[in-house]
Amino acid sequence: MTCKELVELVTDYLEGKLPNEVRMHFEDHLSGCKGCTNYLEQMRETIRLTGRLHEENLSEQQKDDLLNLFRDWKKT
Amino acid sequence: MILPDWWDASRLVFELFAWLVVGTDKIALSRPAHQQIIQAVGMKESMHTSEVEASLINSLRAGDESAFTWLVEQYHTALVRLAHLFVRDSSIAEELAQETWLAVLQGLNNFEGRSSLKTWIFTILTNKAKTRSRREQRSIVFSDLEHGTSDSPTVDPERFNPPTADRSPNHWMAESKPGSWAGIPEDLLVSQEVMNLIGQAVAALPENQRIVITLRDLYDLSSDEVCNILTISETNQRVLLHRARARVRQSLEKYFQPEN
């Protein structure tokens with residue numbers, strides 16, 4: 001497996017979707033390739049950091065609308 | 001009276017214990033304890049924890065406004081954003097999200113917990129949005145998603161030795177090998193600047209990739225859940241996710257290691 005091939009299989013690898021034989025080639029390659037090891041680590045880090053993105057807060061108008069919706073529902 | 005910290009902690013432990021032993025339907029957690037549990041397990045984990053969900057659902061059924069506020073703060077913006085992919089008009093997207101909340105409240109008694117609460121809410125929204133978009137005859141999203149499978153490389157081919165090279169063809173060129181990020185301090189990794197950078201990178205993605213990475217990596221839905229919500233194949237989902245993550249990674253790499 002070449003580095004160029006490996007980088008396109010990273011997501012399949014992380015998702016556990018590589019066929020066994022391909023996964024073995026993938027891991028063999030990793031054990032001898034610092035560049036690809038770093039690439040995989042960077043992808044993992046990217047996923048972790050993306051997960052920390054926060055949504056913008058709700059506007060007061062949205063909060064009011066939703067609270068009214070809740071209170072109306074409670075009355076029924 | 002000011003109570004020491006251990007007071008809160010021990011009360012929380014006691015309540016959790018009582019709750020596990022007696023069961024969620026028989027004992028209502030006091031509101032601070034409920035919030036502490038959510039904080040203690042973290043937002044994402046909390047939504048995977050069926051016990052916490054059960055407690056949340058019980059609170060909602062009992063008409064607890066703080067439970068509703070918490071839920072809405074977690075997901076309303078996400079719902080509006082998701083709806084916006086199906087309908088052009090922002091006010092309709094907002095309306096669809098509101099209709100979803102009403103459907104959630106009205107359906108609480110029938111919710112059996114076969115999926116997570118989050119998936120259930122997102123699915124209600126998607127179904128509503130799809131119906132609405134059919135009415136508006138805007139079905140761009142589906143076709144875009146199905147056309148997401150282009151096979152252009154996600155890493156600049158210039159960074160690899162040419163296929164005809166004598167030594168290590170298609171392997172990283174010595175000068176453009178990815179570096180390790182292990183030495184970057186956590187403070188910098190999670191800094192506002194980096195978060196903004198990721199936000200911009202995600203925002204700049206094609207619509208189909210953006211929605212997939214948002215659902216998977218921001219809202220932490222599983223691959224199955226995303227495929228169901230968007231009615232796309234698993235392979236297609238994975239390709240879109242791969243391309244999206246690769247683009248975000250590239251932005252981060254440019255920032256951390258501009259020399260590459």
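How many residues does the contact take from chain A and how many from chain B? In this predicted model, chain A contributes 42 residues to the contact and chain B contributes 61 residues. The size of an interface is often expressed as the accessible area that is lost when the parts come together, and for chain A and chain B the area buried between them is about 4600 Å², with 62% of it on carbon and sulfur atoms.

Polar and charged interactions were then examined. Across the interface of chain A and chain B, five salt bridges are found, one of which joins the side chains of B:R216 and A:E15 at 2.8 Å, N to O. Across this interface there are also 18 residue pairs in polar contact, with both residues of each pair at pLDDT 80 or more.

On the side of chain A that touches chain B, at least two residues are supplied by each of helix 1 (3-7), helix 2 (10-14), helix 4 (34-50) and helix 5 (60-75) of chain A. Helix 4 of chain A provides the largest share of that side, namely 13 residues. By residue class, the side of chain A that touches chain B consists of 17 nonpolar, 10 polar and 15 charged residues.

As to confidence, chain A has a mean pLDDT of 93, and 96% of its residues reach 70 or more. Within chain A, confidence is highest in helix 3 (residues 20-31), at a mean of 98, and lowest in helix 5, at a mean of 91; helix 5 is also among the helices of chain A that supply residues to the side touching chain B.

Methods:
Residues numbered from 1 in each chain as written. Chains lettered and ligands numbered in written order. Heavy atoms only, no water. Contact = heavy atoms within 4.5 Å. Buried area = accessible area lost by both parts, 1.4 Å probe. Salt bridge = Lys/Arg side-chain N within 4 Å of Asp/Glu carboxyl O. Polar contact = N/O pair within 3.5 Å; in protein donor to acceptor, adjacent residues only side chain to side chain. Helix = DSSP H or I, 4+ residues; strand = E, 2+ residues; numbered from the N terminus. Nonpolar A, V, L, I, M, F, W, Y, C, P; charged D, E, K, R; others polar. pLDDT = per-residue confidence, 0-100.
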